[in-house]
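Here is a short tour of a structure, meant to be read with the model open beside it.

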Amino acid sequence: MAWRNKPTATLTFVLVDETGSRANLSFDVPYATLASVALAAADALVVLIQGVTKCAVLSYSLTYSKVDDEPATPDVLSRVERKGVFIFLTAAGKKVRYSVPGITDAAVTYTGRIDDDQAAVALFTTAITEVGAVFSDSNGVDLVTLDQAYESYRRSTRKMLPGDRRPD
Amino acid sequence: MADGHAAGDDLRGVLAALSSAVVVRQSVVYPFSVQQDTNPLPGSRIENRAALIFETSEAGQLLSVSIPAIVPAAIQALGPLAGLELAGDNPAVVALVQEIINGLWCNPFGYDVVSLASTIVETVD
C-alpha cells in the first residue's frame, strides 16, 4: 500500500454565460500549498478572471487528491452494493447519513442491524463524534451521536455485474 | 481552517477495518460559492474562448489556461493577428497573465509558470 498525492492541488472555477451554459476553468498549485493560502489567492484570481470574461463566476473549489498506487486486494465476496448506513445526529438535532460501501460481515447482525459495539464500528463512530473531531454536517454543525446504523443494498449497475455471468 | 488532510488519513484507517472493499483514492475538497449577485454580460457565450499558453520551469512542459466567453476588448484588433490572439497591452489581460506567472500557480505536474508563450482566440460568432 503506497499512498501518493498528486503533484498539485486543483482549483476549479465554474462560470456561466447568458444562456445558462456552464464552463470550468482550472488552475493548479503545488500540493504542499496550505488551503488557506490557495483560497486567498483564489479570491484574488476571481477578480482578474472577471476582468477578461463575460461570464459570471458562480463558484470554485479546491481539491487535494491522493491515490493508492499499490492497493490491497479486496476481500473475496466484497460488494460495493452492500452498504453500511450510519445516521448521526448533529448538535442542532438534524441528521447526517453516511453509506460505507462493502460493509464487513463482522459489523452486521443477523437482523441487518449494525452492531455499534463491534470494534471497527465503535472506532468509526468515535472518530466521527468525539470532542475535537473535525467532522460536521454541511452547515458546519458538529456530529454528536449515532442515531441508527443498518445494512442496506443498492441496485447493481451494469458495470457492477460479474463479468463471467453467462453460462459457459 | 482545520486540517482536513490529517483527519482524512486517520479516517481512512478506520474505514479499512469497517469495509471489505479497499480505499483506492481520497480527496479533500474545499467548496466556495460566490455570494454577490453577478450576472453574465449580454452576448456571453462559453464557446468564445481564448487560450493562454505559458512556458514552465521545465523545458517542454507548458500550461494552457482556457478562458470562456472572452471579452471582445481583450482581443487583438489591429495587425495581421487581429481576432486571432489576445491584445498584449489590454490591462485585464496583463493583470491576469502577471498573476499566473508571479503567483502560486503551476502546471498540473507541479512546474512553475515562468512566461507567456502565446495566446489563441477561438470564437464562433
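By the rule used here, one cavity of 30 Å³ or more is counted. On a 1 Å grid over the protein atoms alone, a cavity is a set of points where a 1.4 Å probe fits but cannot get out, and lining residues have an atom within 4 Å of a point. Grid points are joined across faces, edges and corners, and the volume is the space filled by probe spheres set on the points. The largest cavity holds about 30 Å³ of space.

A word on the ground rules: this is a predicted model, in which local features need pLDDT of at least 70 and side-chain atom pairs count only at pLDDT 80 or more, while totals for chains, interfaces and linings use all residues. Residues are numbered from 1 along each chain as its sequence is written, chains are lettered from A and ligands numbered from 1 in the order in which they are written, and side-chain values use heavy atoms, with hydrogens and water left out.

**Around the cavity**

Which residues line the largest cavity? They are Ser26(A), Phe27(A), Asp28(A), Leu63(B), Val65(B) and Cys106(B). Strand S3 (22–30) of chain A and strand S3 (62–67) of chain B each supply at least two residues of this lining, and S3(A) gives the most, with three residues. Helices (H or I, at least four residues) and strands (E, at least two) are DSSP runs, numbered from the N terminus. By type, the lining divides into four nonpolar residues, one polar and one charged. Here Ala, Val, Leu, Ile, Met, Phe, Trp, Tyr, Cys and Pro count as nonpolar, Asp, Glu, Lys and Arg as charged, and the others, Gly among them, as polar.

Asn107(B) sits in the loop between helix H2 (91–102) and strand S4 (113–122) of chain B.

Buried means under 20% relative accessible area, exposed over 50%, and partly exposed in between (1.4 Å probe, protein chains only).

| Residue | Location | Relative accessible area |
|---|---|---|
| Asn107(B) | loop between H2 and S4 of chain B | 0% |
| Ala7(B) | helix H1 of chain B | 14% |
| Arg12(B) | helix H1 (residues 4–18) of chain B | 17% |

With residues up to four places away in sequence not counted, Ala7(B) touches Val134(A) and Phe135(A). With neighbours within four places left aside, Arg12(B) is in contact with Trp3(A), Lys66(A), Val23(B) and Gln26(B).

**The sheets**

Two strands pair if DSSP finds at least two bridges between them. In chain A, three strands form an open antiparallel sheet in the order S6-S5-S7. Strand S6 (95–101) and strand S7 (143–153) of chain A stand at the edges with a single partner strand each, so one side of each is left without a neighbour in the sheet. The twist averages 20 degrees from one strand to the next. Axes are lines fitted to C-alpha atoms, for helices over the stretch in contact, and angles run from 0 to 180 degrees between N-to-C directions. Nine bridges link strand S5 (residues 82–90) of chain A with S7(A), and Phe88(A) has Leu146(A) as its bridge partner there. Helix H2 (residues 119–129) of chain A lies across S5, S6 and S7 of chain A, at about 35 degrees to S5(A).

Chain B has an open sheet of three strands too, antiparallel and in the order S3-S2-S4. Its edge strands are S3 and S4 of chain B, each pairing on one side only. Strand S2 (residues 49–56) of chain B is joined to S3(B) by six bridges, with Glu55(B) opposite Leu62(B). H2(B) packs on this sheet, touching S2, S3 and S4 of chain B, and its direction makes about 140 degrees with that of S4(B).

Pairing also crosses between the chains: nine bridges join strand S4 (residues 56–68) of chain A to strand S1 (residues 25–33) of chain B, running antiparallel. Ser61(A) has Pro31(B) as its bridge partner in S1(B), and Thr12(A) stands opposite Ser61(A) in S4(A).

Conventions:
Contact means heavy atoms within 4.5 Å. On a 1 Å grid over the protein atoms alone, a cavity is a set of points where a 1.4 Å probe fits but cannot get out, and a pocket is an open set with protein on both sides within 12 Å along at least five of seven lines; lining residues have an atom within 4 Å of a point.
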